[in-house]
Amino acid sequence: MQATKQEKDLKFGAKFRKMLRKKFRKGEIGYQIITSLFLLFLLIVSAYPLLYVLGASFMSEEEWIARGGLFLFPHSPTIAAYADIFKEVNLYKSIAVSIARALVGPVLSVLFCNMIFGYALSLDNLWGKRVLSVFVFVTMVFGGGTIPQYLIRDYTGLLNNFWVFVIPGLLGGWSSLLFKQTFLGTPSSILESARIDGASELQILVRVMLPMHMGTVAIMIFMGAVGQWNSWFDALLYIDTNNADLIPLQLYLKNYLAQSTESSTAIVQNAEAKKMAVAVVGILPIVLLYPFFLKYFTKGVYMGSVKE
Amino acid sequence: MDQNVQNSAQDVPADQPAEAVVKKHILERRPKTPLEKFKWSVKNYWFIYLCILPGIISMAVYAYGPMFLQIWLSFIDYNFAGGLWHSEFVGFGMFRYIFTEMPDFLTILRNTLWFNVLDTVLGFFPPIILAVVLFHLNSDFFRKFSQTVLYLPHFFSWVIVYSIAYALLSETGAITSILKEVFGYEAEFLTNPNAIVPILYIFSTWKTIGWGSIIYLAAMQNIDTALYEAAEMDGCGPWRRIFVVTLPGIRGVLLYQMIFIIGGIFTGGNTEEILLFYSDATRSRIETINTWLYNYGLGYFEYSPAAALSLVQSVLGMILVLFANRWMKNKYGVSIW
């Protein structure tokens with residue numbers, strides 16, 4: 001089966017090690033050392049900014065002035081910046097908006113729209129299947145443009161409305177086609193036996209398909225949640241600037257950064273550390289959830305992008 | 001197989017030969033005409049149709065609605081008094097305005113194309129290089145660790161990326177301070193028009209390099225190991241094997257990605273990122289078509305020119321994708337659909 005072959009191939013370091021053991025070929029060790037050093041450099045460059053932001057958020061005012069921002073980790077870490085930013089009631093509101101988006105969005109769009117749509121497209125005899133495929137495919141190639149999208153949301157009353165984050169993106173071309181491909185990979189004997197046992201189409205989806213393709217479903221929900229958590233541009237476009245009840249966290253962070261730039265007394269107010277603290281709050285949920293979904297990434301992206 | 005099979009299996013007379021049973025009870029009962037198929041489908045799948053309806057409506061309104069509205073907007077001269085239906089119909093006037101009179105047009109076109117050239121060079125090669133390095137690495141632990149660290153920035157929003165850039169490069173940022181205190185050099189980054197485009201690309205590469213390499217790594221896993229053994233037999237060293245086995249082995253994916261890059265020439269540059277780094281000082285270098293649509297189209301209510309420009313952009317993009325796809329298909333047999 002395909003899966004076992006892929007799993008076997010996943011350990012692709014093994015084959016080079018085998019070749020290496022067989023014969024220490026000329027240049028192999030040099031090659032490994034050079035590329036490892038290169039990778040190490042890349043890792044440091046990648047990780048340094050993150051550690052810097054984390055460290056900066058724990059800096060105290062005095063240390064910032066004394067050391068002039070030249071550091072990786074603070075000498076005397078303090079949570080003063082966090083205590084300061086959590087005095088702002090608008091931060092709580094933005095966190096609530098972002099959490100609501102990240103929960104409601106993926107559940108409605110992935111579970112109730114994309115998955116069922118993908119399942120419908122994977123059915124053999126569904127009338128109108130081809131039309132539906134073309135229907136979603138066209139939206140992947142053509143976009144509407146900023147202005148008409150704004151006007152349509154205006155006409156349908158979604159401006160300054162929480163549902164503007166959810167409803168327009170209910171059905172996604174890429175993810176429903178990915179679900180279709182996933183469901184088509186189900187062995188047909190399993191589906192036949194479920195049908196012979198009298199399962200309805202919905203039962204097949206929930207009882208057979210969902211458990212079998214749990215990895216794909218989980219990764220799609222994770223990606224949807226991350227997408228919702230990270231988006232700010234839609235709020236910038238469709239939510240009033242002073243409507244603090246609907247500003248998501250990332251837009252709050254953007255405004256926060258801009259605010260502090262204009263202030264001339266930024267260093268005195270410990271503004272740098274506070275900005276970094278808001279950024280850390282924006283990163284934290286993703287970093288915490290990331291390890292649990294890591295193993296699914298290769299598979300999920302691979303299925304969506306490569307055509308055999 | 002479907003419901004028909006299951007029903008007909010029960011009333012099969014035992015004494016008839018199998019072929020006749022199949023013919024009578026399965027083949028003849030299968031819906032044939034479109035109307036029959038429609039009725040059969042509605043009877044069996046009505047619930048499925050009901051479930052996908054909300055998604056279809058949302059897509060029709062919020063994806064197809066803007067497409068048609070854009071075409072209509074670009075043929076009228078929209079004003080708030082007239083609205084959609086009573087504004088003056090100007091035919092191709094808006095397109096003529098864009099190409100001949102619009103003051104910024106050449107600047108934003110140049111910036112967009114320039115961004116895309118950088119996108120091809122700086123955005124296309126780093127993930128491939130990273131994938132090659134990771135693939136030929138002996139240590140599984142080191143590979144897994146690197147992948148974990150390098151994929152992470154993909155999941156951060158552009159605001160986070162900007163806040164990191166701000167932390168490092170603003171007046172009080174780490175790199176600016178180091179340059180000032182160690183080398184005595186007063187550097188200016190985020191408001192420097194000459195530095196802003198490289199900065200944008202360094203940070204977008206930082207965000208996308210790891211994630212972009214996944215697709216190439218996945219393709220490399222399908223390369224036949226025997227090819228490496230054969231190459232080794234013929235005296236191929238570790239550097240050479242990259243060019244004679246690994247890269248040719250993922251040729252299909254490389255060409256596939258090229259089609260998307262060619263198709264994006266007029267989209268060029270990540271709108272969200274550019275808008276975050278945007279400032280009046282750097283405007284002349286980083287104003288692209290997409291940011292113009294936001295800053296002027298929406299900001300100054302130039303709805304009709306923006307719609308027309310956006311329409312030109314997407315039609316050109318579409319033509320380029322079709323052209324690139326056809327060219328790749330004829331020449332290399334690679335197609336995106």
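**Close-up views of a predicted two-chain model**

**View 1. B:Val42, an exposed residue in a helix of chain B.** In this predicted model, B:Val42 counts as exposed because 11 C-beta neighbours lie inside 10 Å, and a residue with 12 or fewer such neighbours falls in the exposed class. The residue is placed in helix 3 of chain B. Between the C-alpha atoms of B:Val42 and B:Ser170 there is a separation of 62 Å, the two residues being 128 residues apart along the chain.

**View 2. The two domains of chain B and the contact between them.** Chain B is divided into domain 1, which covers 3-89, and domain 2, which covers 93-332. Taken over C-alpha atoms, the centres of domain 1 and domain 2 of chain B are separated by 39 Å. Where the two meet, 7 residues of domain 1 of chain B are in contact with 7 residues of domain 2 of chain B. On the side of domain 1 that touches domain 2, the elements of chain B giving two or more residues are helix 3 (34-73) and strand 1 (76-77), and helix 3 of chain B supplies the largest share, 3 residues. By class, this side of domain 1 of chain B has 4 nonpolar, 2 polar and 1 charged residues.

**View 3. The overall build of chain B.** Chain B has 17 helices and 2 strands. Its radius of gyration is 28 Å, well over the 20 Å that the globule rule gives for 337 residues, so chain B is more spread out than a compact globule. Along the principal axes, the C-alpha atoms of chain B fill a box of roughly 100 × 75 × 40 Å. Of the 337 residues in chain B, 34% count as buried, and among the contacts in this chain between residues at least 6 apart in sequence, 66% join residues at least 24 apart.

**View 4. Confidence along chain B.** The average pLDDT of chain B is 84, and 91% of the residues score at least 70. Confidence in chain B is lowest in helix 1 (residues 3-10), where the mean is 48, and highest in helix 8 (residues 158-169), at 91. Over residues 1-9 of chain B the pLDDT is below 50, although this stretch has 13 contacts in the model beyond near neighbours in sequence. Where pLDDT is low, the predicted coordinates should not be read in detail. For the model, the scores are ipTM 0.84 and pTM 0.84.

**View 5. The contact between chain A and chain B.** The contact takes 84 residues from chain A and 82 residues from chain B. On the side of chain A that touches chain B, helix 3 (residues 28-57) of chain A provides the largest share, 14 residues. The residues on this side of chain A divide into 51 nonpolar, 21 polar and 12 charged.

**View 6. The largest nonpolar core, with B:Ala167 among its most connected members.** The largest nonpolar core holds 132 residues, of which A:Ala120, B:Ala131, B:Ala167 and B:Tyr216 touch the most other members. Helix 10 (residues 193-220) of chain B gives the most to this core, with 13 residues. Leaving aside neighbours within four places in sequence, B:Ala167 is in contact with A:Tyr52, A:Val53, A:Ala56 and A:Met276 from chain A, and with B:Gly173 and B:Ala174 from chain B.

View 7. Chain A has 16 helices and 0 strands, and buried residues make up 35% of its 308 residues. A:Asp240 lies in the loop between helix 13 (233-238) and helix 14 (249-262) of chain A, whereas A:Asn160 is found in the loop between helix 8 (146-155) and helix 9 (173-184) of chain A. Although 80 residues apart in sequence, A:Asp240 and A:Asn160 are 6.4 Å apart in space, C-alpha to C-alpha. A:Asp240 is exposed, with 12 other C-beta atoms within 10 Å, and A:Asn160 is partly exposed, with 13. The phi of A:Asn160 is near 55°, a positive value in a residue other than glycine.

**View 8. B:Phe301, a loop residue with positive phi.** B:Phe301 lies in the loop between helix 16 (289-298) and helix 17 (303-332) of chain B. Its phi is near 60°, a positive value in a residue other than glycine. Most residues other than glycine have a negative phi. With 13 C-beta neighbours inside 10 Å, B:Phe301 counts as partly exposed.

Conventions: Residues numbered from 1 in each chain as written. Chains lettered and ligands numbered in written order. Predicted model: local features only at pLDDT ≥ 70, side-chain atom pairs only at ≥ 80, totals over all residues. Helix = DSSP H or I, 4+ residues; strand = E, 2+ residues; numbered from the N terminus. Nonpolar A, V, L, I, M, F, W, Y, C, P; charged D, E, K, R; others polar. Core = buried A, V, L, I, M, F, W, Y, C linked by C-beta atoms within 7 Å. Buried ≥ 20, exposed ≤ 12 C-beta atoms within 10 Å, placed from the backbone. Domains from an automatic or database assignment. pLDDT = per-residue confidence, 0-100. Rg over C-alpha atoms; globule rule 2.2 N^0.38 Å.
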